[in-house]
Amino acid sequence: MQVHAPRETDLPRGQAVQPRRARPVSADVSEALAEVPGAYTLEAGGLSRLPVLRGLGDERLRLQIDGMDLYAACPNHMNTPLSYLDPGQVERLQVWAGLAPVSAGGDAIGGVVAAQTPAPTFAGAGQTDTRGEVGLYARSNGHAWGLRLGAQHASEHWHFSYRLAAAEADNYRAGGAFKTYDFTGRAGHTLPRDEVGSSAYRTRNHILGAAWQDGAHLWEAKLYVQDMPYQLYPNQRMDLLDNDSTKLNLRYQQRTAWGQWQARLWHEKVQHTMDFGPDKRYWYGMASGGSSSVDGRPCSPLGPQCAAGMPMLTDSTTTGAKVQAEWAMGEQTVVRAGAELHRFRLDDYWPPSGGGMWPGTFWNIRDGQRDRHALYAEVQWSPAPLWSAQAGLRVERVRTDAGPVQGYSTAPDAMGRQTQDAQAFNAMDRRRRFNTHDVVLSARHQPRSTFELEFGLARRERAPGLYELYPWSTWQMAALMNNFVGDGNGYVGNPNLRSERAYTASASAQWKAADDAWAIKVEPHVTEVRDFIDAERLPGQSGERRFVLLRYANVPARLYGLDLSGRALLASSPASRWELRGQLSHLKGRNRRSGDGLYAIMPLNARLSLTHQTGAWESTVEWVAVKAKTDVSSVRNEVPTPGYGLLNVRAAYRLGRGKLEFGIDNVFDRFYALPTGGAYVGQGTTMTNPPPPNVPQWGTAVPGPGRSLWLAYQTTF
């Protein structure tokens, strides 16, 4: 016998995704969002794609792990919160787009993605329960492999668990050559022209859990540890060369006669290191051959003429607390109320390495602070037969600040106006206060068992993040290091940004057969954003086919689209079952001041899969189609991409408690460019703009993987 401890109450709306059931050879949790209509990812490293819901992603979403609000601590957002988990460690992703309940999270205008690791389970009275699981996988493209281990022991009152996930991959190959050069900026090291440089990774994630229950009381503690030796980035000028993170998450929950209440306390510490990985030039300065040299020669001693890489370090801590109570007011009404506190501290500094990075430490953000205090309340009720409704209000105060900064050099004639920019930044009052308000109203009507209608309105706000407010240097080299969208451009912060205010209207209508043999769902949505944080060019930054320097700026924006999904049971018998599933998403995003397209908007795309089950076998044929991306962000010189179609096949066979899976991705080895993959800067001289001769200055999009054969096996015991 097994007794499950109570989880946090599931809120209405949204969609639940189980990453374990998605492609088993992925080490990136966000890939599972492909099952959610209107969701996609902004490509980054192989483990750190940035989730996007209906065109709004990254910090415009509230990203959570087991109820903890977490933040990226990197000028390139290489350690996005979901990168701290492996798909095998996630029991469920709860996804709310647009109309997320206020209790699910604030300080976000696009929605919530909440990752939940397995909840503690307990044995029956006088019994114990011990079990484990093992998973292995391998993928041909990139020679990727992964290992997943899990073990747990439980009694009537105690639960202990441990989970390990390790993953590693080399650079992957595209479906064809996409470069006209093979050098990497390092003498003797070249890459084939179909190899996507800087796409390798290695990581290890550990989760240690303990829980105790007694009647209506539950205490739970989880410790999360990540050791990521490297994750290289094909669309960033730097690479992650170490990321160490430790998180402690404590939770108490009590069931009462009137409902339940719970409290949570968490703390995270991150130490993050960036530099140039093996596919990017490491030696700089005149003694290394100068900026026009294809390969940088090793040199010494370090100084104005010789630079060894460009180390960039980030240290951060996050502390949070949350208390929530839930009351059942009769059979039809539930009330929730709560309070939250978030404290984020960050230092981003670049030690001297020689050349222009000399003789002192460059402080990109010093003593960065971002504090959030929130109160919220919401009610769910049934105003009439066949109707249910929800209303919620959330208020927050966000306070930010940063300390004085300096460049590598404090000399009046330091390159890139480092001294003048630092003096101007230090002279201003850097404290900022944002008072934000979220209001969500939604309703559901089900007049008959075969039809359901949902609709709602939301007003949401998000205060700007530290990397939007405080990066201060207009020096080209420093600005190029501040970029978390992967477009190859350089960014400068704007301390005068206002909070984003989004007004969303969303609806969904679902029809299904009386015998559940088919279903179809249509979801139109529109979001109007006042003070959307877009970008504007710095003075003198003109031209189209080149990388440019940008400053964050508030503009009015609009996003609208339609998501369509459905399924149909084609045939069913005691021996076999055939099912067809599909989804289609159409999205537009526009800067209403300039008429420009918003960045990284996914073009029209569709996914169709045919599944067959017979006995212990299950097989799937999947077709993915994406239209050409021609509506781009011209202020960023976003690279257009052609349309494409991919065919994937996979099969699975159950062997007792085990499951063997195998498949082929991109069966026909189709070459294609990722429409949200950003600009390829994965090899060679990446620090300068423009790069050395014979290297395209602009115009190469990061390609997707070519054909890949994979095999996975998992079992429990």
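Modeller: A disulfide is counted here as a pair of cysteine sulfur atoms within 2.5 Å. Please keep in mind throughout that this is a predicted model.

Biologist: Which hand does the disulfide of Cys299 and Cys306 have?

Modeller: By the distance rule the count comes to one disulfide, and this disulfide joins Cys299 to Cys306 with an S to S distance of 2.1 Å. Both cysteines are buried, Cys299 as well as Cys306. The torsion about their S-S bond is about 90°, so the disulfide is right-handed.

Biologist: Is Cys74 buried or exposed?

Modeller: A residue is called buried when its relative accessible area is under 20%. For Cys74 the relative accessible area is 0%, and because this falls under the cut-off, Cys74 is buried.

Biologist: Which residue in the hairpin of β33 and β34 takes a positive phi?

Modeller: Strand β33 (residues 644-655) pairs in the antiparallel sense with strand β32 (residues 617-626) over ten bridges, and in that pairing Trp617 stands opposite Tyr653. Seven bridges join β33 to strand β34 (residues 658-665), again in the antiparallel sense, with Arg650 opposite Gly663. Two residues lie between the strands of the hairpin of β33 and β34, where the positive phi, near 60°, belongs to Gly656.

Biologist: Which strand gives the most to the lining of the largest cavity?

Modeller: A search of the whole structure finds twelve cavities of 30 Å³ or more, and about 360 Å³ of space lies in the largest cavity. Its lining has 23 residues, of which Gly57, Asp58, Arg60, Val485 and Tyr599 lie nearest the centre. At least two lining residues come from each of β3 (39-42), β4 (50-53), β5 (56-57) and β28 (518-537). The strand that gives the most to this lining, with three residues, is β28.

Biologist: How many residues in the lining of the largest cavity are charged?

Modeller: The lining of the largest cavity divides into 14 nonpolar residues and two polar ones, while the number of charged residues is seven.

How values were computed
Residues are numbered from 1 along each chain as its sequence is written. This is a predicted model: local features need pLDDT of at least 70, side-chain atom pairs count only at pLDDT 80 or more; totals for chains, interfaces and linings use all residues. Side-chain values use heavy atoms; hydrogens and water are left out. Two strands pair if DSSP finds at least two bridges between them. Helices (H or I, at least four residues) and strands (E, at least two) are DSSP runs, numbered from the N terminus. Buried means under 20% relative accessible area, exposed over 50%, partly exposed in between (1.4 Å probe, protein chains only). On a 1 Å grid over the protein atoms alone, a cavity is a set of points where a 1.4 Å probe fits but cannot get out, and a pocket is an open set with protein on both sides within 12 Å along at least five of seven lines; lining residues have an atom within 4 Å of a point. Grid points are joined across faces, edges and corners, and a volume is the space filled by probe spheres set on the points. Ala, Val, Leu, Ile, Met, Phe, Trp, Tyr, Cys and Pro count as nonpolar, Asp, Glu, Lys and Arg as charged, and the others, Gly among them, as polar.
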